[in-house]
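Welcome! Please take a look at the sequence and the model below, and then we can walk through some of the main features together.

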Amino acid sequence: MSTTEPAFVVITGMSGAGRSTAAKALEDLGWFVIDNLPPGLLSSLAEEAGRVNMATDRVAAVVDVRSLAFTTDLNAAIEELVGRGVGVRVMFLEASDEELVRRFENVRRPHPLQGDGRLVDGIDRERGILREVRANADLVVDTSLLNVHELRKKIVSFFGGEDRPGLKVNVVSFGYKYGLLVDADLVVDCRFLPNPHWVPELRPMNGLDAPVRDYVLGQPGAKEFLDGYEEVFGIVAAGYAREGKGYATLAVGCTGGKHRSVAMAEQLGARLRERGMDVQVSHRDTGRE
């Protein structure tokens, strides 16, 4: 296939995790999207998209697990596309079992793989089928804590500027006591630094406030950590680029996700921007106390 072939994205993942929302977000960005496409038709879609004069050079297909041969069919289809020179990327959407059960109960619909069993049986079976697909995905998005608007914003941040070169990096601060980020590619721990929580005048502030930021960055080891990790991530980012990975989520954690991780995430984001990376910084757990 020629170098003018459309960009090709496969959207898949857990039922109830937001595939339809992701598809609608891409449509709003001008992508040509086909929903519920059998894996065996991916090659035909790519061939037709390359043959005709489409109004867009970005094509996405939503593929779900209802085919019993889903994993085999999808892997074979993707291998065929790659072999023909198509720049295909796989986005995998997931959510926790508890959140998926809640979503299915809210809409009063059974899980597509539930059969005569319970909702959790269908979810467990689907996770097993999708395990290999998730492991090989280019982008994994955990939607457990996202509403439809937040998921749409995430999709826009990933795909709204595909013409810009370089790795897209999401730096996210979090609190370990609220759990790890499921979709993080790399996790760094800032709990080796003294906790501003134990300084009375700093406790009500967060890492975006100058007194907290100065306190955290002034601690022994803070600058050395930033210097070292900036260099390490530069090596990792170069490797991602060689492997064709366009997106990376860097999670920065402390105990509560309020002080140290916020300040350090902001600093890491600024340093990576200076290296020419496309960086967004967000703070998952600020305001949760």
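## Strand β4 and its partners

Strand β4 is mostly covered, with 6 of its 7 residues buried. Please keep in mind that this is a predicted model. On one hand, β4 pairs with strand β1 (residues 7–13) in the parallel sense, over 6 bridges. Within that pairing, Gly13 has Leu93 of β4 as its bridge partner. On the other hand, β4 pairs with strand β5 (residues 139–142), again in the parallel sense, over 4 bridges. Here the bridge partner of Glu94 is Asp142 in β5.

## Met91, a residue inside β4

Met91 sits in strand β4, which covers residues 88–94. Is Met91 buried or exposed? Its relative accessibility is 1%, so Met91 counts as buried, the cut-off for that class being under 20%.

Which residues does Met91 touch, once its neighbours within four places in sequence are left aside? The contacts are Val10, Ile11, Thr12, Ala22, Leu139, Ile155 and Phe159. For a sense of scale, Met91 and His283 are 192 residues apart in sequence, and their C-alpha atoms are 23 Å apart in space.

## Helices α1 and α6

Two packed helices are described by the angle between their axes and the distance between the axes. For helix α1 (residues 19–28) and helix α6 (residues 148–159), the axes come within 9 Å and cross at roughly 50°. The two helices are therefore oblique to each other, and their crossing is right-handed.

Where do α1 and α6 meet? From α1 come Thr21, Ala22, Ala25, Leu26 and Asp28, and from α6 come Val148, Leu151, Arg152, Ile155 and Phe159. Sorted by class, this contact has 7 nonpolar, 1 polar and 2 charged residues.

## An open sheet of parallel strands

Next comes a sheet of 4 strands, which is open, has the order β7-β8-β6-β9 and is paired in the parallel sense. At its edges stand β7 (186–189) and β9 (278–283), each with a single partner strand, so one side of each is left without a neighbour in the sheet. From one strand to the next, the twist averages 20°.

Strand β6 (residues 168–175) pairs with β9 in the parallel sense over 6 bridges. One of the residues in this pairing is Lys168, whose bridge partner in β9 is Asp278. Helix α6 packs on the sheet, where it touches β6, β8 (247–254) and β9, and its direction makes about 145° with that of β6. Helix α9 (residues 260–274) also lies across β6, β8 and β9, and runs at about 170° to β9.

## Two loop residues with positive phi

Most residues other than glycine have a negative phi, and most peptide bonds are trans. With that in mind, have a look at Asn36, a residue other than glycine whose phi is positive, near 55°. Asn36 lies in the loop between β2 (32–34) and α2 (42–51). Its relative accessibility is 41%, so Asn36 counts as partly exposed.

Arg108 likewise has a positive phi, near 55°, and is not a glycine either. You can find Arg108 in the loop between α4 (97–107) and α5 (119–136). With a relative accessible area of 79%, Arg108 is exposed.

Notes. Residues are numbered from 1 along each chain as its sequence is written. This is a predicted model: local features need pLDDT of at least 70, side-chain atom pairs count only at pLDDT 80 or more; totals for chains, interfaces and linings use all residues. Side-chain values use heavy atoms; hydrogens and water are left out. Axes are lines fitted to C-alpha atoms, for helices over the stretch in contact, and angles run from 0 to 180 degrees between N-to-C directions. Angles under 35 degrees count as roughly parallel, over 145 as roughly antiparallel, 65 to 115 as roughly perpendicular and the rest as oblique. A crossing is left-handed if the near helix is turned anticlockwise from the far one by less than a right angle, and right-handed if clockwise. Contact means heavy atoms within 4.5 Å. Ala, Val, Leu, Ile, Met, Phe, Trp, Tyr, Cys and Pro count as nonpolar, Asp, Glu, Lys and Arg as charged, and the others, Gly among them, as polar. Two strands pair if DSSP finds at least two bridges between them. Buried means under 20% relative accessible area, exposed over 50%, partly exposed in between (1.4 Å probe, protein chains only).
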